[in-house]
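Please consult the sequence and the structure shown here while reading.

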Amino acid sequence: MKLFVQADDYGMTTGVTDGIVACGRDGILTQTGLFTNMPSAEYAVRRWRQEMPHVLLGQDLNLSTGRPVTDPKLIPSLVNEDGSFLTSRQHRVKEAETPDHVRYEDAYLEYDNQVKRFIELTGEKPGYIDPHAWFNETTNRAMNDIIEKYGCRSSTKLINPSDSSFLRIGGWSKPVIREDKSYDYSVNTRLAQDPLEYWNSGLKEEIIRHAPEDVLCMLHTHAGFLDRDLYRLSSFSAVRPMEAGFLCSEEMRSFVRDYNIELVNYSYFD
C-alpha cells in the first residue's frame, strides 16, 4: 500500500501552521497545501523549509477565507464591501439564487496572483494545486486554466475516487448543514467525531486487509492547532487538533511501520 497523507490550509493561521508542522516533523504527513493570501504565509514557508522540507508543499487556491491577494476592486464578484472574501456560506447562499454569481475573470485573476505569491515566497511552483472549501464550475475552469499555465500537478486529476485500486481513509468529519446553509462544526459535534476513535473502532482493520496490496490510499485531513485567528476565520476548528493528534499518534506511526506502508506524496506520479 502507498499512503498519501494530506493536511489542507497550511498558513491559514499561525496555530494551523504549527499543528501541520508537528504532523510533518513528528507524524506521518506527506503533503500540505499553502494559503498564500494569509498573513501567516511567510511564516509557514519559513517553518516548512526549516522543519519539514520532506513534505511536498502544494497550494490551496482559496476564494472564501481571509482577504484576496488581488486588489478587491478588481474582483468584485468575490468580495464583500470591506474587501474580504465572501465566505463559503455566503457563496452557497448566492449560488442558490444566482448560480453564475462569480465571474471567471475574477477567479482567474485571483488564482493567478495567489500562484505568483507562492512562487515569490518559495522560489518554485506549487507541488500540486487543490481547490479550497467552496468552488463551482466557473472557478474550477479558472483553476484548471491556471494549472495548465504553470504546469502544476492537479489534485483532482491525480486521484480518481472511482478507481478500484484507490482507497480513502475518512468518514469521521461529516458536517451538519443548518437551514441557513451554514455548517455545524461546533465543539460537541467535533468531539463526537474523533478520528482516532473512528480508526480504532473498525477502520484500522479494514485498511489492514488492503495493506499487502498494490493500492493507493489517501488520508485527507485539516490538521492544525487552535488559535484566536482561526476562531475568527472559520467554524471548522475543533476537529483540527484532533486530526493533528491522529497523524502524530503512536497508533498511526506503528501502523505505517508494522505493515510496511509506503508514505508517498503527489510526486509519486511523476
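## Basis of the report

The structure is a predicted model. Two packed helices are described by the angle between their axes and the distance between the axes.

## Helices α2 and α4

Helix α2 spans residues 41–51 and helix α4 spans residues 104–122; their axes come within 10 Å and cross at roughly 45°. The two helices, α2 and α4, are therefore oblique to each other. Their crossing is right-handed.

On the α2 side, the contact is formed by Ala41, Glu42, Val45 and Arg49. Helix α4 contributes Arg117, Leu121 and Thr122.

## Helices α4 and α5

Helix α4 also packs against helix α5 (residues 137–150), at an angle of about 40° and with the axes 9 Å apart. The crossing of α4 with α5 is right-handed.

From α4, the residues in contact are Tyr104, Ala107, Tyr108, Tyr111, Asp112, Val115, Lys116 and Ile119. They meet Thr138, Thr139, Arg141, Ala142, Met143, Asp145, Ile146, Lys149 and Tyr150 of α5. The residues of this contact divide into ten nonpolar, two polar and five charged.

## Strands β1 and β2

Strand β1 (residues 2–10) runs parallel to β2, and three bridges join the two strands. Within this pairing, Ala7 lies opposite Thr32 of β2.

Strand β2 covers residues 31–34 and is covered on both faces. Gln31 and Gly33 are buried on one side, while Thr32 and Leu34 are buried on the other.

## Leu61 in strand β3

Leu61 belongs to strand β3, which comprises residues 56–61. Its relative accessibility is 0%, so Leu61 counts as buried.

Leaving aside residues up to four places away in sequence, Leu61 touches Tyr111, Gln114, Val115, Ile129, Asp130, Pro131, His132 and Met143. Among these partners, Tyr111 and Val115 of α4 and Met143 of α5 also take part in the contact between those two helices. Ser234 is 173 residues away from Leu61 in sequence, and the C-alpha atoms of the two residues are 16 Å apart in space.

How values were computed: Residues are numbered from 1 along each chain as its sequence is written. This is a predicted model: local features need pLDDT of at least 70, side-chain atom pairs count only at pLDDT 80 or more; totals for chains, interfaces and linings use all residues. Side-chain values use heavy atoms; hydrogens and water are left out. Axes are lines fitted to C-alpha atoms, for helices over the stretch in contact, and angles run from 0 to 180 degrees between N-to-C directions. Helices (H or I, at least four residues) and strands (E, at least two) are DSSP runs, numbered from the N terminus. Angles under 35 degrees count as roughly parallel, over 145 as roughly antiparallel, 65 to 115 as roughly perpendicular and the rest as oblique. A crossing is left-handed if the near helix is turned anticlockwise from the far one by less than a right angle, and right-handed if clockwise. Contact means heavy atoms within 4.5 Å. Buried means under 20% relative accessible area, exposed over 50%, partly exposed in between (1.4 Å probe, protein chains only). Two strands pair if DSSP finds at least two bridges between them. Ala, Val, Leu, Ile, Met, Phe, Trp, Tyr, Cys and Pro count as nonpolar, Asp, Glu, Lys and Arg as charged, and the others, Gly among them, as polar.
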